[in-house]
Amino acid sequence: MDRGKKLTNFYGNKNSKIYMDLKNIVRENALRYLPAKSLFRCFGVCRDWKHLISTPFFAHNQSNSFHSVSGFFYQSQAGVPSFMSLDPVAYGVPDPSLKFLPEPVDIRSSCKGLLCCQGRTGYKAYYVCNPVTKQWEKLPKPDADHGSDPAVVLVFEPSLLNFTADYKLTMGFGITAFDLISERFQLLDSAVGTLGMRNGKLCSAYVHAQNLVVNMLSNTHSNTMQMNSHAKMWEEMQPKIHVDISLPASSNNNASGRYGYGHGGVVFIGGDVVLLSNGNKFYSYDMKKRASKDLGELDIDTKAGIVGYVNSLVEL
């Protein structure tokens with residue numbers, strides 16, 4: 001009888017040890033790969049996890065580990081910022097209308113968890129914010145006049161060495177490739193479709209005959225090559241991807257990608273995610289899983305843009 005009791009205790013202790021080991025493995029190696037909304041739901045698991053997720057060091061690790069496109073910010077017909085989530089259970093922000101900013105804004109750009117917005121009053125100041133943490137910074141007044149609809153691009157790359165976001169804001173006039181390190185630019189030609197990034201490379205995408213056509217930038221110096229050179233600036237990704245979604249017959253977007261959704265076709269491409277539209281009806285397509293999802297109809301201001309967003313804890 002005594003031996004039986006000891007055997008039961010042995011298995012109980014063993015299972016407890018396995019649970020503790022698994023808990024630590026998840027804590028140290030898995031949590032940082034989750035999106036922000038999912039992490040906030042993990043607050044209820046235990047006090048230890050809540051404390052960990054609330055630390056600046058964890059926010060730093062998560063911003064360097066989680067890079068998946070989580071959804072899209074856009075302006076509604078009423079001019080209010082809104083958020084369209086690819087998975088409402090996993091991805092989300094506490095205040096999609098960005099009312100925590102000091103004035104009403106228009107969304108201009110997004111990069112790896114940060115949004116660039118422009119105020120509507122005064123000299124129309126620029127703000128950079130994280131819609132998850134509601135942290136924001138007001139940028140200095142620019143010297144030049146950027147016009148009523150500036151093509152502003154927010155550039156940010158999370159770094160293991162910097163605990164606060166080191167970002168840059170660039171202003172483009174025409175289709176250019178700009179090297180932030182050397183501060184040199186290159187004019188791009190023949191860019192048909194919506195521009196985006198895939199596998200660390202610039203790409204363009206459009207829909208033709210129910211096929212998703214993706215061209216990757218392969219040679220930025222093709223226009224300086226010697227005559228009779230066969231080098232091409234863009235190379236089409238093979239094989240073509242058939243999109244089983246009802247779209248207009250002709251869906252070649254303009255190169256800027258900001259207003260193409262008004263006519264149907266590709267609105268956004270980033271990583272493995274493609275956003276397509278037919279009027280105000282939107283679909284997402286996962287190029288890795290070869291699966292599409294109906295996101296429904298949205299009340300979108302067709303004069304404004306749609307920007308991809310990563311559900312990150314990055315700190316400003």
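Which residue stands opposite Val128 in β5? Cys116 does. The tour below leads there and onward.

**Before you start.** This is a predicted model, where local features need pLDDT of at least 70, side-chain atom pairs count only at pLDDT 80 or more, and totals for chains, interfaces and linings use all residues. Residues are numbered from 1 along each chain as its sequence is written, and side-chain values use heavy atoms, with hydrogens and water left out. Helices (H or I, at least four residues) and strands (E, at least two) are DSSP runs, numbered from the N terminus.

**Stop 1: helix α4.** Select residues 56–65. Seven of the 10 residues are buried (under 20% relative accessible area, 1.4 Å probe, protein chains only). Among them are Phe58, His60 and Asn64.

**Stop 2: strand β5.** Select residues 126–130. Five of five are buried. In a regular strand, side chains alternate between the two faces of the sheet. Color Tyr126, Val128 and Asn130 for one side of β5, then Tyr127 and Cys129 for the other; both faces are covered.

**Stop 3: β4, on to β5.** Select residues 114–119. β4 and β5 pair in the antiparallel sense over four bridges (pairing takes at least two DSSP bridges between two strands). Six residues separate them in a hairpin. In that turn, Gly122 has a positive phi of about 60 degrees.

**Stop 4: β6.** Select residues 135–138. β6 pairs with β5, antiparallel, over four bridges. Here Val128 stands opposite Glu137.

Note on methods
Buried means under 20% relative accessible area, exposed over 50%, partly exposed in between (1.4 Å probe, protein chains only).
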